[in-house]
Amino acid sequence: MSAEAVEAPVRPDQQVDEPPPIEVAGLVSAFGDRTIHENLDLTVKAGEVLGVVGGSGAGKSVLLNTIIGLKQPDGGTIKVFGVDINRSSQDEMATIDRRWGVLFQNGALFSNLTVRENVAAPFFEHTDMARADIYELADLKIALTGLPPHAGDLKPAELSGGMRKRAALARALALDPDLLFLDEPTSGLDPISAGAFDELIRDLSESLGLTVFMITHDLYSLYAICDRVAVIADKKVVASGTIPELKKTTHPWIQEYFNGPRGRAAAQSEEKPEDGASEHKAVAKAEALSQDTTEKDLAKAPAKAPAKDRPQGAA
Ligand SMILES: Nc1ncnc2c1ncn2[C@@H]1O[C@H](COP(=O)(O)OP(=O)(O)OP(=O)(O)O)[C@@H](O)[C@H]1O
Ligand SMILES: [Mg+2]
């Protein structure tokens, strides 16, 4: 299925004829004799937020790791901003490496460093800026992701799960990337934090003109912030497009995913009139309230929110 439905915004400073941020063609990946990807094709367009979904173990994280060069492909080509990352010079790779930021599935913060030092790490690695300037910029990035100023002094173990995600996001955004990779950014977050994180990603992608490759199990995130969704199943991208386009496909996993009970609940929350994002938040809020409040408190929750249907983090 083609994926032309949504026109991604173009950054003012972006060359219109620049190659797509990501072009994967005929990718083959394997661990030993276990094939993970077979002839996988995927293009990510400039300025879009692409959701990447698929069952657990389908190969989403391996795809991300392969695109950023942490795993060598066993076949096919991967181009990032037109550069074949497995056949590029060191200089080309250094340039590309600065153009992307990654939020790994496990956060991957250095546990012995403070948040400020974690966010500063890419500056020390890629620039020769003065230490004081680097820490000033790190504090700006920390603020950008909505963390309180004191968070910069804390170690990862002293943060809540939601704060850790934001700290990892601050580090991913350190060098002002054009391309942001997110692996399960809302997993493990309560519904309100997940909704807030979704909004943060959407705001950042719009204000900074970022292209976002976001792996997620969270149907609410897909509805709230993704322009298109790519589905990984059967070792390849079996379909990509807008959610209405995907719902029309006959692939059994896609049908179950979008038209099963959770998929329908997520869709309902977005189909209400007015502001979809507010509705998303209202649904999340109602569910959080339902967890530990009295009946009286519950009566104040948004009347039309199907509270119990909001998945908790990774669905
Ligand atoms: N380093 C590795 N060595 C061997 N096998 C691996 C390695 N990393 C991943 N795999 C295998 O590759 C397959 C795909 O893993 P991957 O982590 O990409 O799944 P995923 O789609 O991200 O799943 P989840 O939604 O649970 O995160 C799994 O079967 C996994 O066991
Ligand atoms: Mg994964």
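Is the crossing of H3 and H4 left-handed or right-handed? It is right-handed, and the views below start from that spot in this predicted model.

**View 1. Helix H3 meets helix H4.** Here H4 covers residues 131-144, and its axis comes within 9 Å of the axis of H3. The two axes cross at roughly 120°, so H3 and H4 count as oblique to each other. On the H3 side, the contact is made by Val115, Arg116, Val119, Ala120, Phe123 and Phe124. H4 answers with Ile134, Tyr135, Leu137, Ala138, Asp139, Lys141 and Ile142. Sort the residues of this contact by class and you get ten nonpolar, three charged and no polar ones.

**View 2. Helix H3 alongside helix H5.** Stay with H3 (residues 115-126) and look at its meeting with H5, where the axes come within 8 Å and cross at roughly 25°. That angle makes H3 roughly parallel to H5. H3 passes H5 in a right-handed crossing. From H3, the residues in contact are Val115, Asn118, Val119, Ala121 and Pro122; from H5, they are Ala167, Ala170 and Arg171. This contact of H3 with H5 splits into six nonpolar residues, one polar and one charged.

**View 3. The six-stranded sheet.** Follow the strands across and you read S6-S7-S8-S3-S9-S10, an open sheet with mixed pairing. Strand S6 (100-103) and strand S10 (236-241) sit at the edges with a single partner strand each, so one side of each has no neighbour in the sheet. From one strand to the next, the twist averages 15°. Helix H5, residues 161-172, packs on this sheet and touches S6 and strand S7 (179-183). The direction of H5 makes about 165° with that of S6.

**View 4. A closer look at strands S3 and S9.** Zoom in on S3 (residues 49-53) and S9 (residues 228-233), and you'll find them paired in the parallel sense over four bridges. For a landmark, pick out Val52, which stands opposite Ala230 in S9.

**View 5. The four-stranded sheet.** This one is also an open sheet, running S2-S1-S4-S5 with antiparallel pairing. Its edge strands are S2 (34-44) and S5 (83-84), and each of them pairs on one side only. Helix H1 packs on this sheet, touching strand S1 (22-31), S2 and S4. Compare directions and H1 makes about 115° with S1.

**View 6. Strands S4 and S5.** Strand S4, residues 75-80, pairs with S5 in the antiparallel sense over two bridges. Lys79 is handy for finding your way here, as this residue stands opposite Asp84 in S5.

View 7. Which residues are around ligand 1? They are Phe31, Ile36, Gly54, Ser56, Gly57, Ala58, Gly59, Lys60, Ser61, Val62 and Gln105. Helix H1 (residues 60-67) gives the most to this shell, with three residues. By class, the shell has four nonpolar residues, six polar and one charged.

Methods
Residues are numbered from 1 along each chain as its sequence is written. Chains are lettered from A and ligands numbered from 1 in the order in which they are written. This is a predicted model: local features need pLDDT of at least 70, side-chain atom pairs count only at pLDDT 80 or more; totals for chains, interfaces and linings use all residues. A residue is near a molecule or strand if its C-beta atom, placed from the backbone, lies within 6 Å of it. Ala, Val, Leu, Ile, Met, Phe, Trp, Tyr, Cys and Pro count as nonpolar, Asp, Glu, Lys and Arg as charged, and the others, Gly among them, as polar. Two strands pair if DSSP finds at least two bridges between them. Axes are lines fitted to C-alpha atoms, for helices over the stretch in contact, and angles run from 0 to 180 degrees between N-to-C directions. Two residues are in contact if their C-beta atoms, placed from the backbone, lie within 7 Å. Angles under 35 degrees count as roughly parallel, over 145 as roughly antiparallel, 65 to 115 as roughly perpendicular and the rest as oblique. A crossing is left-handed if the near helix is turned anticlockwise from the far one by less than a right angle, and right-handed if clockwise.
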